[in-house]
Each structure stands twice: as C-alpha cells, then as structure tokens.
Amino acid sequence: MSGLYLHIPFCKKKCSYCNFHFSTQLQLKSKLIEMMGNELELRKNEMQTPIKTIYFGGGTPSLLNEDEILFLFHKIYSFYNTSELIEVTLECNPNDLSYDFLNFLKKETPVNRLSIGIQSFFDVDLKFMNRSHHSMQGEECIKMAQEVGFKNITIDLIYGGETTSDEQWIKNLEKAISLGVPHISAYALTVEPKTALENNIRKGKLPPADEDKQAKQFHILRNLLSKKDFIQYEFSNFGKQGFFSKHNISYWENLPYLGIGPSAHSYNGKDRRCWNVSNNVKYINAIEKNKLPLEIEHISDKDRFNETIMLGLRTYQGISLKILNENFSSSFLAIFNNEAQKLINDKKLICKDNYLTVNPEYLFLTDGIISQLFLID
C-alpha cells in the first residue's frame, strides 16, 4: 500500500500541548497551498505504485476553503495513479464544520473519512488545552457529519490531564459511544518540549503529568471500549471491525508513503527517509525555485530493525518472528531473542503462533518494553 500525506500547517489557536509544525498566521495560506501543488508535481515520480490512501493532516486542514481543497485534489489526480484509492481522510476541528462544508466534502471531493479533534466533551478540559471550540460544538459536528452521510468518522480524545477526572473520562467515552462513533484515537496528555504546557509545568504553575492517573485512565479506556466491540488494533487506536485507519496501518507496516508540505515526512519502504523544512517561508521560497527543501536520512539495518520492533509491538498483531528471521541478521536476532526471553519470563511479553505481543496487563508500559528490545551501539 502507498500512502500520500499532506501537511496543512495552519491553526486558529495554539493548543497548550501541541509541538507539531503550524502557524496561527494565515496570510501565507493561499501561497503555501499553491506551492504544495507544485511539490506534488515535482515529486510525481517518487511514488512507484498506485496511491491507496490520502491523509490531510496538520495543523488544521479544515481551515482550507473549497477552492484550495479542490486545487490539491486536481493536482493529485493529475500526477498520481489513484486507480486503487480506498481511503481519503481529512482532519478537522469541530468549529470549522458546517452543513455546507460537510456537504461539499461529501459530494464534491473523494473524502470518505473524517478525523475530528474533539479531545474532550467538557469545556473545563478544552479550556485547559486552549482548544478553539467548545463542548457542544463537538457533539453537534459529529451529528451533522452523520446526517450528511459520513459513516467513517474517528475522533481524538485526550486523557490523564490535570482537569480530567476519572468520572469525566468515563463520560467522555460514553458520549462517544452514544454518538455511534466507530473509531477513537485516545492519547495520554504528553508534555512536549517548547509547548505552553511544558512551560507552565517548568515554572510550577501546573503539576507534572500524573503517570498513575494516566495508567488508570488507560485501563478504563481499554475495558470500556472492549465491552462495546471496539478493537485496540494499535496502542492508541480503537476501531470497530471495518473502521481501522488504512492509512495509519501502512505506517505501522513499514510501507512507503509520500509527505507533501512543510515538515512532512516521506519513506521509500526500504532504507531512505526524508522530510521537508519546518518553516513555511523557507518552504515557499524553495519550491518557487523548483527545489525540494528536504533533509535525507539513510536508514541503517540496525535502525530498520528497531523500527520494526517498535511499530510491531504497538499493534495488536505484534511482531512476526518469521519476518524478523527472514529480514535481519543472525547477530541481531541473537541479541533480540535473549532480551525477548527475559521479558517473556517476566510475563511482559507473550509468544504465540510465532508472534510476540505485549501482555495486556503491561500495555501501558509498552514504550518501556520496546526500549528494552532495541539494539544499541
């Protein structure tokens, strides 16, 4: 599967926890979209197989107007093989969604999946996160999208924050379930560097993240959604059968993808990763000169091995020992098998049918378990 990712680096407000590349200054939006169209043309020969998924991420792609969205699709259809396209996702904020805009997406574009940044159905949480919408808009936009005909809807929710009690977290999940949302991406509130949240914690205005609270709410999440036929197919992603994110699965399966726009990453599926400059002005200036503002990384066998471990253990399928044995050296495998056996003995990993998975009791510690299996210099 080949995926195409388009990074739209604009937002109305800066969320307190976010360290993605974006700008709240929209003056350059039209020019930047024009240059993304140019980049699509400049890189048309990089995708050797048909595109199966397209993902508009950001930032806030729902800030684009109709002409800008149609322009980007025109460029994609002009220069790429879309004969096998099966999923087109657009990330959006609740306060950007209206009946008119949703009808436009449904009837005039190939968008067939919406990813809505709800984060919480409680205003106290949204204020703490400095989100640009209020709680009622979250519920209303989901209902509008469903009325227009969108069935494949995923929402983001955040748990473990200062304002999110266990009771509120349960109510958030129950609200999502009652609205008939078939996919939920749920994330523990992470303190990222150079964010307002990190600054406030460093200055003592807020307490550090409570890992015990986050672990508890993670288990509430798993237990509640499993009873409602949601499958935790990746650490942070829960979907009903038939509603898993095909685009994201391609990342986790180490398949090739092409990233367009400032800060967007690309991967050839083998040994080369590259990414665009995280600066809108520098990006525009380079593309105007028909130059790609890229940095390139050649991936070593060791890094490829570590990424295979990391991506595999975050999914419900786990790591295929057959794939490891077929693709990596015996010296790598000897070190890995030794460490994996220790984790099996500690009941943190389970080996079944030639796959390694994390014991559900230790799922919240997945990142730490993965780090124990990494090959290091």
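Which residues have the most contacts inside the largest nonpolar core? My notes follow.

1. This is a predicted model, where local features need pLDDT of at least 70, side-chain atom pairs count only at pLDDT 80 or more, and totals for chains, interfaces and linings use all residues. Residues are numbered from 1 along each chain as its sequence is written, and side-chain values use heavy atoms, with hydrogens and water left out.

2. The residues in question are L6, I116, I155 and F336, in a core of 84 residues. A nonpolar core here is a set of buried Ala, Val, Leu, Ile, Met, Phe, Trp, Tyr and Cys residues joined through side-chain atoms within 4.5 Å; buried means under 20% relative accessible area, with a 1.4 Å probe and protein chains only. A second, separate core has 11 residues, among them C11, C18, L189 and I201.

3. Have a look around F336. Beyond its neighbours within four places in sequence, F336 is in contact (heavy atoms within 4.5 Å) with F305, I309, I319, L321, L324, L356 and L373.

4. Next, the open sheet: 3 strands in the order 13-15-14, with antiparallel pairing. Strands are DSSP runs of E with at least two residues, helices are runs of H or I with at least four, and both are numbered from the N terminus; two strands pair if DSSP finds at least two bridges between them. Strand 13 joins strand 15 (residues 355-358) over 2 bridges, and S320 stands opposite Y355.

5. Helix 14 (residues 366-373) has T366, I369, I370 and L373 as its buried residues. They lie on the same side of helix 14 because they cover an arc of only 100 degrees around the axis, taken from the directions from the helix axis to the C-beta atoms. Their packing partners are helix 11, helix 13, strand 14 and strand 15.

6. T308 sits in helix 11 (residues 301-313) and counts as buried because its relative accessibility is 17%. Leaving aside neighbours within four places in sequence, T308 touches N254, L324 and F328.

7. Finally, H21 is worth a glance. H21 belongs to the loop between strand 1 (2-8) and helix 1 (29-42), and H21 is buried at 17% relative accessible area.

How values were computed: Buried < 20%, exposed > 50% of the residue type's maximum accessible area, 1.4 Å probe, protein only.
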